[in-house]
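Have the model open while you go through them.

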Amino acid sequence: MSPRAGSTGSQPPATLAFVESPVQLLNVLEWAHAHARRTADEPAGPPGGAEPAAGGPTPGPALGAAAAVPGAGLTLVVLSPTDPMTRGQLRRMAELARNEGYEVRWEEARGGTTAPFHTVGGLAPLLRRAERIVMGDPFSRYVQLLLTITRARDLVVVDDGTATMEFVSQLARGERLVRWHRRGGRPGPRDLVFAPVSARARRRLTPGHGRRVEVFSAMPITETPEGVTLTANDFSWTRARFGPPRLTKGADLVGTSLVETGVVDPDRYVEAVKGLAKTYGATRYFAHRRESPEKLHRLAVETGLEIVRPDLPLELIARRGPIGRTILSFPSTVVHTLPLALVGTEVKVAVCDIDPAWLTESASPRAQGFLSGVTGTARDVHRLTAVTAT
């Protein structure tokens, strides 16, 4: 795939979406599917093309009047990371997006010191003309920078995992945007330099003055910022395109990057995985895309689990199958999304709590409460007591 493949040419897209991970791209596809369905269900305008009554709602930009045409009006911009596993999954997801009829523009956004300047410069004309911006990670510095350029009046945030819960809470409380596992630490020099951009992006993500903000999420949202529209993601696109899966007799275990983010001690994590595999008869371990090769090798040697590196987000892998009748997970996004993707199947999702003793000394003071909240708010999952890690 060449850089900027699928460029839209001279016509600006009605909707411009920025993604940096496979899950974000999946959720943009889910949003577009749900949006097109809502648009098709909306009643037609006044007879004879009359204007809406004074004081009535003004329709926002849709994927276009041609919303029934697959991909109409939406361009996906992939701000490609450098991690090989993430890039591989993004390429596969980009193929799915093209098959749905969407334009895909691939940006080597991190391919050297000058890459950000070329990326931002190349996207600036599209940003200024786009009517709606869809983003997967409002905490991303790249996305925050792009938000300062756009004039779009419609902003949509789709799920980037459990971070969406924290984003909505921070927006509701008027706080600066900081990822949950970094809260409690002092801002670094780069944070201080970027602070004005971040503050401006937060203001752009606050509804008002003709600006509409939508959060499209499968996560449980407990604090709703005033004026923000919440739309539920039920994974209807995934269920329509894939499955139902063939089920295996055993259990599968889902990996997490809590070690890599400095939240959980690696030795405690390996012991916990070993305990889960032994207790529930798990045979496969689906690795998170950010897990290090060294940790995965250690898990394979010490637990005997087959390490699987998925080429697509787990929601699609599970829906396509084969998948175990029980899926074991630590607190993560999948305890919220897998039950939705697997509606109508016999798969049971079980989540194992994080023992406070597993946390590292450098873990954010917010970590334990946030992880407990992820587990406690999950619907249609079986909650497991934390496995003792010696």
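1. Start with α8 and α9, which lie oblique to each other. This is a predicted model, so keep that in mind throughout. The axes of α8 (residues 266–280) and α9 (residues 293–303) come within 10 Å and cross at roughly 40 degrees. The crossing of α8 and α9 is right-handed.

2. As for who touches whom there: α8 brings P266, D267, Y269, V270, V273 and K274, and these meet K295, R298, L299, E302 and T303 of α9. By type, the contact of α8 with α9 splits into five nonpolar, one polar and five charged residues.

3. Now look at α1 (residues 22–41) and α2 (residues 84–99), whose axes come within 9 Å and cross at roughly 15 degrees. That's why α1 is roughly parallel to α2. Their crossing is left-handed. On the α1 side the contact uses P22, L25, L26 and L29, and on the α2 side T86, Q89, L90, M93, A94 and A97. The tally for α1 with α2 is eight nonpolar, two polar and no charged.

4. Last one: which residues of α12 (residues 367–376) are buried? A367, F370, L371, V374 and T375 are. They span an arc of only 135 degrees around the axis, so they sit on the same side of α12. Their cover includes α5 (163–173), α11 (334–341), β12 (348–352) and β13 (382–384). As a reminder, an α-helix has 3.6 residues a turn, so residues three or four places apart point the same way.

Methods:
Residues numbered from 1 in each chain as written. Predicted model: local features only at pLDDT ≥ 70, side-chain atom pairs only at ≥ 80, totals over all residues. Heavy atoms only, no water. Axes fitted to C-alpha atoms, helices over the stretch in contact; angles between N-to-C directions. Helix = DSSP H or I, 4+ residues; strand = E, 2+ residues; numbered from the N terminus. Parallel < 35°, antiparallel > 145°, perpendicular 65-115°, else oblique. Left-handed = near helix turned anticlockwise from the far one by under 90°. Contact = heavy atoms within 4.5 Å. Nonpolar A, V, L, I, M, F, W, Y, C, P; charged D, E, K, R; others polar. Buried < 20%, exposed > 50% of the residue type's maximum accessible area, 1.4 Å probe, protein only. Arc of directions from axis to C-beta.
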